[in-house]
Amino acid sequence: MSSIDYDLTKIKGMAFDVDGVLSPSVIPLHPNGEPMRCVSIKDGYAIQLAVKHGYEIAIITGGNTEAVKKRFDGLGVQNVIMGASVKIEHFNAWLERTGLKPEEVVYVGDDIPDIEVMKVAGLPVAPADAAPEVKAVAKYISPNNGGYGVGREIVEQVMKAKGEWLADKRAFGW
């Protein structure tokens with residue numbers, strides 16, 4: 001039974017911000033000035049499993065570092081959109097490319113640049129430590145802070161609602 005008040009069986013796509021969602025909102029800086037990120041292995045496991053099950057997954061981030069692209073490419077994510085200063089434009093283009101309808105999509109965001117997308121997505125989700133303005137438009141607020149399992153929680157709940165979580169051998173490998 002899901003704790004999310006939405007018909008999760010409609011979900012065919014999931015889009016995520018990175019900083020503050022799939023990584024904590026505090027970012028160490030490398031001595032060369034490049035921002036470094038920590039990521040949750042459990043988020044990664046869930047995302048790659050969703051990819052294997054045919055979900056459309058998108059990463060839409062304002063950040064633009066090779067490490068982030070490499071991370072999500074390695075999980076099989078086909079739509080890694082970097083340097084997205086106005087996220088709604090990239091979100092709408094992703095919907096058009098994939099044929100997804102807004103009500104078929106979860107979007108997880110944590111800060112002001114995510115609000116426009118969250119107002120369009122069928123299921124807007126915020127981490128527990130999201131900005132108050134983001135929480136105000138979210139239909140679901142995760143009990144997890146950004147970078148600490150928000151992605152895993154959402155993917156797992158969607159896949160459980162459809163009977164896909166741990167349903168076959170794809171679940172037991174990377």
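First, the ground rules. The model is predicted, so local features need pLDDT of at least 70 and side-chain atom pairs count only at pLDDT 80 or more, while totals for chains, interfaces and linings use all residues. Residues are numbered from 1 along each chain as its sequence is written, and side-chain values use heavy atoms, with hydrogens and water left out.

Now the fold. The chain has 6 helices and 6 strands. Here helices are DSSP runs of H or I with at least four residues, strands are runs of E with at least two, and numbering starts at the N terminus. Along the sequence the pattern reads β-α-β-α-β-α-β-α-β-α-β-α. The radius of gyration is 15 Å, close to the 16 Å from the globule rule for 174 residues, so the chain is as compact as a globular protein of that length. That radius is taken over C-alpha atoms, and the rule is 2.2 Å times the number of residues to the power 0.38. The C-alpha atoms fill a box of roughly 45 × 35 × 30 Å along the principal axes.

On to burial and contacts. Buried residues make up 50% of the 174. Buried means under 20% relative accessible area, exposed means over 50%, and partly exposed is in between, with a 1.4 Å probe and protein chains only. Take contacts between residues at least 6 apart in sequence: 56% of them join residues at least 24 apart. A contact is heavy atoms within 4.5 Å.

Next, the cores. A nonpolar core is a set of buried Ala, Val, Leu, Ile, Met, Phe, Trp, Tyr and Cys residues, joined through side-chain atoms within 4.5 Å. Which residues touch the most other members of the largest core? Of its 35 residues, they are M14, F16, F72 and V106. Several elements each supply at least two residues of this core, including β1 (13-16), α2 (66-74), β4 (105-108) and α6 (150-161). V106 touches I11, G13, M14, A15, L123, V125, I154 and V158, with residues up to four places away not counted. There is also a second, separate core of 21 residues; I88, L95, A130 and V134 are among them.

Two loop residues now. D114 lies between β4 and α4 (115-120). Is D114 buried or exposed? D114 is buried, at a relative accessible area of 1%. Beyond its neighbours within four places, D114 contacts D17, K87, Y107 and G109.

A121 is in the loop between α4 and β5. A121 is also buried, at 5% relative accessibility. Setting aside residues up to four places away, A121 touches F91, P102, V105 and Y107. A121 and M14 are 107 residues apart along the chain, yet their C-alpha atoms are separated by 9.6 Å.

Last, the segment after α6. L166 is found there. L166 is partly exposed, with 44% relative accessible area. Its phi is near 60 degrees, a positive value in a residue other than glycine. Most residues other than glycine have a negative phi.

W174 is in the segment after α6 too. W174 is exposed, at 61% relative accessible area. What does W174 contact, leaving aside its neighbours within four places in sequence? The list is I41, G44, Y45, Q48, K52 and L75.
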